[in-house]
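User: Hi! I have a structure open here and would like to walk through it with you. Could you help me find my way around?

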Amino acid sequence: MADRFNNIVDEITEKGAQYCDLYLQSSVAHSVRYEDKKIAELSSVVTEGTGARVVVDGKSFFAHRTGVSSSSVAEALNAALEPSEICGTMYDGGVEKLFEKSVSADKYPVDFLHDIDAELRSRSSAIQQISFRFSQSDKDILIIGPGGLRKGCNRKYTSFVAQIVAEKDGQLQTASERRCMALEPSAFWEGAVAREIANEAFDRAMLMLEAKPCPAGKMNVFLAGEAGGTIIHEACGHGLEADIVEKDSSVFKGQIGQKVASELVTMVDDPTIGGLYGSYEFDDEGTEASPTLLIENGILKGYLTDRLSASLYGYPATGNGRRQSYRKLPIPRMSNTFLLPGAHKSVEEMCDIARNGLYVKKMGGGEVNPTTGDFVFYVAEAYIIKDGKIKEPVKGATLTGNGPEVLKNICTLGGSLVMDPGICGKSGQSVPVTDGQPSMVVKGITVGGREV
């Protein structure tokens with residue numbers, strides 16, 4: 001039956017479509033939310049559906065239908081074809097499923113959540129709330145395209161998030177920590193993963209209860225590898241996605257071959273690294289995954305593309321066409337995006353380079369304008385650096401600046417590359433990604449806090 005739809009896709013392209021493809025998804029997802037010393041929510045979602053796309057003169061006509069039977073595929077394809085005016089033929093289907101999905105699931109690991117909760121509460125009376133969220137998903141996809149393109153795979157994801165709320169003298173502090181991997185639960189839970197994550201969140205909440213307000217001003221910032229790749233991903237990475245570039249929404253437009261960063265900076269997007277949250281064998285258009293060199297020694301080398309942007313704008317196809325589900329069109333997205341590390345340097349050496357400023361151990365959320373690269377990021381854990389030494393912890397810090405300027409103002413990179421997983425939102429779609437950076441010192445970032 002899949003062969004028949006390959007022939008139909010070829011027929012549509014022969015009649016004048018630039019491109020045509022089908023995306024079939026069958027998946028099951030489970031989650032557990034633990035809160036207030038009990039399981040607060042158990043949920044399971046089974047999803048089956050088909051998305052059909054026809055591209056004519058650079059414009060995408062898209063439709064989706066629930067189910068992965070041949071009739072569902074035909075209905076989605078007919079709905080996409082109708083407004084395109086490329087083909088008067090309506091295709092019929094049948095009840096045969098193009099593939100089956102197993103909906104079995106591992107046992108929820110809920111018993112030990114009670115134990116971790118009790119352990120943390122026994123350590124401090126300041127604890128006001130403890131919550132955990134465990135999620136797992138198992139997705140089968142099948143992609144049918146022209147020229148006999150037919151790619152199928154299974155993708156598994158597992159994540160665990162711990163959040164701690166603590167109180168002292170009427171002041172509340174919230175800290176969270178997470179681990180997300182492209183692994184099945186049995187591989188994810190090897191070792192004491194949950195306890196490690198929960199303890200990290202607990203320690204940060206306790207630390208921030210004792211922290212003083214952060215001073216404000218422009219200063220050198222030492223970002224630990226553990227700070228995560230927030231600046232790299234948000235303030236720089238989105239501006240290297242081809243659709244944003246071509247909408248005149250990126251400061252990196254027209255700069256391939258030009259210096260856009262410190263010569264210390266080499267930036268890579270690589271979905272082929274096993275187990276990372278943003279990894280895949282091929283993207284959601286069936287293009288084989290491969291590493292993409294974005295910046296090399298400060299020189300911009302290229303952008304991230306899907307099939308459409310590569311075709312429209314003449315860029316190489318990088319295999320970064322990603323979508324949240326069969327209900328969405330693929331668009332250029334990051335996968336695992338990171339800076340290559342520099343020479344190994346100790347924390348003491350990095351602090352000595354920063355000399356005076358802020359040591360950021362963990363970043364929080366934030367906002368960024370991809371058109372300009374301007375950002376405001378919240379800091380979850382930070383310390384004052386004075387005379388090259390780490391001093392007291394501080395709270396309430398924000399980092400304000402410009403992504404391209406940060407790339408230019410990196411004065412040293414350490415060897416401690418750390419990969420930080422998360423969910424990336426763009427154009428109403430969310431996909432798993434991983435961001436990474438080595439420890440680094442950046443000159444002259446504006447730190448928000450308390451005026452001194």
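User: Let's start with E85. Is E85 buried or exposed?

Analyst: E85 is exposed, with a relative accessible area of 73%. Do keep in mind that this is a predicted model.

User: Where is E85 found?

Analyst: E85 is in the loop between α2, which covers residues 70-84, and α3. The C-alpha atom of E85 is separated by 9.1 Å from that of V56, a residue 29 positions away along the chain.

User: Now something inside. Which side chain of opposite charge is nearest to D283?

Analyst: That is R307, but R307 is 5.6 Å away. D283 is buried and has no salt bridge, since a salt bridge here needs the nitrogen and oxygen within 4 Å.

User: Which backbone nitrogens does the D283 side chain reach, then?

Analyst: The side chain of D283 reaches the backbone nitrogen of E285 at 2.9 Å. The D283 side chain also reaches the backbone nitrogen of G321, again at 2.9 Å. D283 itself is found in the loop between β9 (267-269) and β10 (292-296).

User: How many salt bridges are there in the whole structure?

Analyst: A search of the whole structure finds 26 salt bridges. One of them joins the side chains of D203 and R123, at 3.1 Å from N to O.

User: Which parts does that D203 and R123 pair tie together?

Analyst: D203 lies in helix α5 and R123 in helix α3, so the pair ties together parts that are 80 residues apart in sequence. D203 is partly exposed at 41% relative accessible area, and R123 is partly exposed at 44%.

User: What does E196 pair with?

Analyst: E196 forms a salt bridge with R179, and their closest N and O atoms are 3.7 Å apart. E196 is in helix α5 while R179 is in strand β6, so this pair links parts 17 residues apart in sequence. E196 is partly exposed at 39% relative accessibility, and R179 is partly exposed at 26%.

User: And how far apart are the closest N and O atoms of R355 and D352?

Analyst: They are 2.6 Å apart, in a salt bridge. R355 counts as partly exposed at 39% relative accessibility, as does D352 at 43%.

User: Changing topic: what volume does the largest pocket have?

Analyst: The largest pocket has a volume of about 800 Å³. There are 33 residues lining the largest pocket, and the closest to its centre are A29, S137, K139, Q324 and S430. The elements giving two or more residues to this lining include β1 (19-35), β2 (38-56) and β4 (127-144).

User: Which element gives the most to that lining?

Analyst: β1 does, with 6 residues. By class, the lining of the largest pocket has 10 nonpolar, 15 polar and 8 charged residues.

User: And what is the volume of the second largest pocket?

Analyst: The second largest pocket has a volume of about 650 Å³. Among its 36 lining residues, those closest to the centre are R178, T230, M363, G364 and G365.

User: Nice link! Which element gives the most to the lining of this second largest pocket?

Analyst: That is β15, which gives 7 residues. Other elements that give two or more residues include β6 (171-181), α5 (193-210) and α6 (230-237). The lining of the second largest pocket has 14 nonpolar, 13 polar and 9 charged residues.

User: Great, thanks for the tour!

Methods:
Residues numbered from 1 in each chain as written. Predicted model: local features only at pLDDT ≥ 70, side-chain atom pairs only at ≥ 80, totals over all residues. Heavy atoms only, no water. 1 Å grid on protein atoms, 1.4 Å probe; cavity = no way out; pocket = protein on both sides within 12 Å on 5 of 7 lines; lining within 4 Å. Points joined across faces, edges and corners; volume = space filled by probe spheres on them. Helix = DSSP H or I, 4+ residues; strand = E, 2+ residues; numbered from the N terminus. Nonpolar A, V, L, I, M, F, W, Y, C, P; charged D, E, K, R; others polar. Buried < 20%, exposed > 50% of the residue type's maximum accessible area, 1.4 Å probe, protein only. Lys, Arg positive; Asp, Glu negative; His and termini not counted. Polar contact = N/O pair within 3.5 Å; in protein donor to acceptor, adjacent residues only side chain to side chain.
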